[in-house]
Amino acid sequence: MLGRNYDFNKSFFEQFNQLALDVPHQSLQKDPKSVDCDYVISGVSSKNCYLVAVPYYSENIYYADLPVHSRDCIDINEAHSCEQCYEGVNIENCYNCNFCYECINCLDSYFLYDCRNCSNCFGCTNLRNKQYYFFNQRFSKKEYEQKIKEINLGKISVLKKYQSQFENLLQKTIRRGLNNVKAENCFGDNIRESRNCFYSFLVIGGSENLRYVASVDKVNDSMDWFGGSQSSLIYESTAALFANNIKFSIFIRTGIEVEYSVECNNCQYCFSCFGLKNKKYCIFNKQYSEEEYWQIIDRIKSQILQNREYGEFFPLSMSPHPYSDSNASFEFRNYLRTN
């Protein structure tokens with residue numbers, strides 16, 4: 001555990017940073033309930049995934065980011081309840097859809113953007129309840145099937161040709177300002193079946209009372225949080241799953257009353273700990289009795305409150321990655337592209 005006593009003569013973050021450097025860290029954050037997911041980051045109860053970030057109850061997914069309740073898909077990003085899809089971004093309830101973006105309830109289609117309840121469509125945008133459309137033009141079933149039969153997307157020159165045509169169509173396409181569905185009293189984007197969410201993004205469903213939150217599912221009463229599921233009372237944290245009352249922490253799975261901690265699984269009442277499993281009443285990775293724990297916590301919090309160190313996330317000086325290597329540029333580029 002590499003536990004140590006707290007030194008009241010030193011700064012809290014000075015000691016916190018030293019412990020972070022001394023304790024071995026996970027090379028890869030993995031879900032213990034996932035099967036055959038050796039090259040996967042985080043996730044929940046998934047199976048047979050390869051090079052996937054955060055697969056969520058998904059199976060047979062390759063090269064993807066945040067597939068949710070999906071299966072048999074390749075190269076997808078933020079796909080919810082999809083099957084046999086390729087090259088899809090922010091799609092929901094789609095089957096056998098390829099190169100589709102911002103689509104819901106679509107079937108057997110190629111190159112779609114912002115289409116709903118469509119099937120057998122190719123190169124279309126902003127369609128609703130349509131079938132047998134080719135670049136937004138209506139065809140009979142026989143005419144459409146003949147056109148599709150003549151297109152060999154397995155040939156790279158043909159694929160690039162239709163990708164270029166689709167890109168040209170997208171330049172002229174009217175775009176929705178928001179992609180919220182059944183969102184009550186919400187301000188943000190990609191919010192599903194939730195309420196009372198302010199400046200929140202990619203809230204998958206069943207959530208409420210959130211502020212400044214992104215990439216969560218079935219959570220409530222939380223603020224300043226990125227990435228999590230089935231949790232509540234989370235503040236200024238990242239990657240909290242099946243947790244309650246977590247503050248200023250990273251990678252907490254099945255935790256209760258945890259603060260300023262990293263990579264702790266199934267822990268309760270821990271403060272400033274790293275890499276613990278199945279522990280209670282620990283401070284700086286050192287085990288205490290319940291009575292000792294609360295006495296020392298009171299002293300530590302009183303001191304760091306007085307020193308104005310308590311109440312914020314880790315200082316930038318502790319970041320293991322430079323800003324230029326973070327996802328910031330990627331997120332800003334996507335924002336500018338879609339606005």
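I started with the lining of the largest cavity and sorted it by class: seven nonpolar, three polar and three charged residues. For the classes I took Ala, Val, Leu, Ile, Met, Phe, Trp, Tyr, Cys and Pro as nonpolar, Asp, Glu, Lys and Arg as charged, and the others, Gly among them, as polar.

Before going on, I noted that this is a predicted model, where local features need pLDDT of at least 70, side-chain atom pairs count only at pLDDT 80 or more, and totals for chains, interfaces and linings use all residues. Residues are numbered from 1 along each chain as its sequence is written, and side-chain values use heavy atoms, with hydrogens and water left out.

**Cavity**

Rolling a probe the size of a water molecule over the atoms shows where empty space is left. My cavity is a set of points, on a 1 Å grid over the protein atoms alone, where a 1.4 Å probe fits but cannot get out; lining residues have an atom within 4 Å of a point. I joined grid points across faces, edges and corners, and took as volume the space filled by probe spheres set on the points.

I count one cavity of 30 Å³ or more. The largest cavity holds about 140 Å³ of space. It is lined by 13 residues, and I find Glu78, His80, Asn90, Leu202 and Ile204 closest to its centre. Strands E3 (59-68), E4 (71-80), E5 (86-92) and E11 (181-203) each give two or more residues to this lining. E11 has the largest share, with four residues.

**Whole chain**

I listed five helices and 21 strands in the protein chain, reading them as DSSP runs numbered from the N terminus (helices H or I, at least four residues; strands E, at least two). The C-alpha trace spans about 80 × 40 × 35 Å along its principal axes. Of the 339 residues, 44% count as buried; my scale is buried under 20% relative accessible area, exposed over 50% and partly exposed in between (1.4 Å probe, protein chains only). Taking contacts as heavy atoms within 4.5 Å, I looked at those between residues at least 6 apart in sequence, and 20% of them join residues at least 24 apart.

**Rings**

My search of the whole structure found 44 aromatic pairs. Rings of Phe, Tyr and Trp (its six-membered ring) pair if their centres lie within 6.5 Å; planes under 30 degrees apart are stacked, over 60 edge-to-face and the rest tilted. Phe187 and Tyr199 make an edge-to-face pair, 4.9 Å centre to centre with 70° between the planes. Phe187 is partly exposed at 45%, and Tyr199 is partly exposed at 39%. Tyr293 and Trp294 are also edge-to-face, at 5.0 Å and 80°. Tyr293 is buried at 4%, whereas Trp294 is partly exposed at 37%.

I checked for charges over rings too (NZ of Lys or CZ of Arg within 6 Å of the ring centre and within 35 degrees of the ring normal). Arg175 lies over the face of Tyr113, 5.1 Å from the ring centre. Arg299 lies over the face of Phe8 at 4.0 Å.

**Two strand residues**

Which residues does Ser119 touch, beyond those up to four places away in sequence? I get Leu107, Ser109, Lys130, Gln131 and Tyr132. Ser119 is in strand E8 (residues 119-125) and counts as buried because its relative accessibility is 13%.

Asn265 is in strand E18 (residues 262-265) and is buried at 16%. Leaving aside neighbours within four places, I have Asn265 in contact with Gln26, Phe251, Arg253, Thr254, Leu276, Lys277 and Asn278.

Conventions. 1 Å grid on protein atoms, 1.4 Å probe; cavity = no way out; pocket = protein on both sides within 12 Å on 5 of 7 lines; lining within 4 Å.
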